[in-house]
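Please read it with the structure open beside you.

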Amino acid sequence: MNKPSWTIPAALLLAGSLLLSACGSGAATKGMEKEGPGGAAAPAAQTQKLVMASWSKPIAEQTNLYQAEAQGWFKEKGIDFTFVPGAGGGDAIKNILTKQADIAFTDPGSLYFALEKGEKLRVIYNIYPQNVFNVVSLKEKGIREPKDLKGKKIGVYSLASGTRHNLLVLLHQAGLSEKDVTIIETGVSNFAPLIQGQVDATAATDTGLADAKLKGLGEVNELRVADSLNVPSDVFVVTEETLTQKKELLKSFLAVYKRSAQWMIDKPEEAAAVAVAKAIDGQDKARNREVIKLRNASALTPGGQPLGTLDAALLQQGADLYKRLGLIQKDLSLKDIVTNELLPIEEGAKK
């Protein structure tokens with residue numbers, strides 16, 4: 001994705017830094033390991049390697065994973081954990097299909113695209129049950145409801161991004177379509193074009209909006225996609241082959257992940273400090289607090305169900321809508337794709 005050019009204060013140019021940093025790719029990265037004699041990493045006994053392919057580089061919202069590594073929670077479960085960065089949810093799924101990773105940290109849209117191609121995948125954990133996408137406009141534009149977007153120019157990161165896909169969801173729920181608006185690719189630093197008046201509104205995420213506010217964005221109206229259709233933002237996906245061959249290992253991984261997610265919910269201030277040392281975008285502790293606050297909220301399941309609980313019917317609604325919007329061409333059946341069988345049995349997470 002290319003960044004547009006503009007001339008406004010440098011602070012606002014950083015509004016999309018989270019997504020920009022997330023879109024890079026690189027080599028697999030290992031987390032903190034306890035050192036043995038001479039500073040060498042102490043080998044863990046009877047461990048099994050597990051590789052997680054992410055949609056992003058290591059960023060602040062994933063601080064729970066860094067804490068799990070630093071505290072040895074993976075090793076306690078016999079897991080030798082590796083984080084593979086990516087440039088979007090499609091990258092994460094590609095990595096599990098090519099056996100470069102065991103589990104993908106990805107989004108429902110990327111899942112639907114892969115299923116349409118006939119890939120044999122299973123969804124095993126609901127990372128962020130709450131939809132985090134939005135459409136933001138300056139107060140003076142008077143865009144208070146989705147129907148007010150008709151005839152407006154709306155910025156998206158790219159035509160292949162989740163910002164566009166979720167914008168289409170929002171428009172559809174208001175009885176509108178892509179033909180009723182003008183969609184403009186603005187790149188990830190998309191709040192500057194909004195300020196300059198190049199667009200009437202911009203499609204973004206909750207953390208993108210939080211960044212912009214921290215950098216001086218004024219009063220805005222926010223249309224949350226979750227208020228129209230609250231399809232999850234991210235899920236853990238594996239291939240059917242991996243599920244069959246590594247079920248117990250995946251169960252152990254999810255137990256650690258759930259424990260770490262609960263830790264971040266319980267101790268957001270501590271998490272903000274951990275992010276300073278571990279996340280590529282974690283240098284500002286105040287920003288870390290806001291990002292972690294938002295991600296903790298998005299990790300909570302509707303109705304107070306245990307962390308990670310999947311709703312196959314809701315993911316089916318998302319797939320059906322993607323077909324109606326023309327994003328996919330085939331009918332998908334999610335009932336045999338989604339499973340809660342690997343979720344940790346214990347209700348309380350260890351501290």
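1. Burial. Of the 351 residues of the protein chain, 56% count as buried. Buried means under 20% relative accessible area, exposed means over 50%, and partly exposed is in between (1.4 Å probe, protein chains only). The model is predicted: local features need pLDDT of at least 70, side-chain atom pairs count only at pLDDT 80 or more, and totals for chains, interfaces and linings use all residues. Residues are numbered from 1 along each chain as its sequence is written, and side-chain values use heavy atoms, with hydrogens and water left out.

2. Surface and contacts. The protein chain exposes about 15,000 Å². Carbon and sulfur atoms supply 49% of that area. Accessible areas come from the Shrake-Rupley method with a 1.4 Å probe; for residues, only the protein chains shown count as cover. Now take contacts (heavy atoms within 4.5 Å). Among those in the protein chain with a separation of 6 or more, 79% link residues 24 or more positions apart.

3. Helices and strands. The protein chain has 14 helices and ten strands. These are DSSP runs, numbered from the N terminus: helices are H or I with at least four residues, strands are E with at least two.

4. Cores. A nonpolar core is a set of buried Ala, Val, Leu, Ile, Met, Phe, Trp, Tyr and Cys residues joined through side-chain atoms within 4.5 Å. The largest one has 49 residues. Y112, V135, L149, L167 and L334 have the most contacts inside it. Another core, of 42 residues, lies apart from it, with F81, L249, L342 and L343 among its members.

5. The sheet with β8. Which strands make up this open sheet, and in what order? There are five, in the order β7-β6-β8-β5-β9, with mixed pairing. Two strands pair if DSSP finds at least two bridges between them. β7 (182-185) and β9 (220-224) stand at the edges with a single partner strand each, so one side of each has no neighbour in the sheet. The twist averages 30° from one strand to the next.

6. Strand β8 itself. Five of the five residues of β8 (201-205) are buried. Both faces are covered: A201, A203 and T205 on one side, T202 and A204 on the other. β5 (133-138) pairs with β8 in the antiparallel sense over four bridges. There, V135 has A203 as its bridge partner. β6 (153-156) runs parallel to β8, joined by two bridges. I154 stands opposite A201.

7. V135 again. Which residues does V135 touch, leaving aside its neighbours within four places in sequence? The list includes L149, I154, L167, L170, A203 and L223.

8. β6 and β7 run parallel and share four bridges. Helix α7 (162-173) packs on the sheet and touches β5, β6, β7, β8 and β9. The direction of α7 makes about 80° with that of β5. Helix α9 (206-214) also packs there, touching β5, β8 and β9, and its direction makes about 110° with that of β8. Axes are lines fitted to C-alpha atoms, for helices over the stretch in contact, and angles run from 0 to 180 degrees between N-to-C directions.

9. Another open sheet. Five strands follow the order β2-β1-β3-β10-β4, with mixed pairing. β2 (79-84) and β4 (121-128) are the edge strands, each with a single partner, so one side of each is left without a neighbour in the sheet. Neighbouring strands are turned by 25° against each other on average, direction ignored. Six bridges join β1 to β2, which run parallel. F81 in β2 is the bridge partner of L50.

10. Salt bridges. The rule asks for a side-chain nitrogen of Lys or Arg within 4 Å of a carboxyl oxygen of Asp or Glu. The count comes to 16. In one of them, R295 meets E61, the closest N and O atoms being 3.3 Å apart. R295 lies in helix α13 (285-299) and E61 in the loop between β1 (48-53) and α3 (63-70), so the pair ties together parts 234 residues apart in sequence. R295 is buried at 4% relative accessible area, and E61 is buried at 3%.

11. Are K335 and D336 buried or exposed? K335 is exposed, and so is D336. Their side chains meet in a salt bridge (3.2 Å, N to O). Elsewhere, salt bridges that share partners join E61, D206 and R295 into one network.
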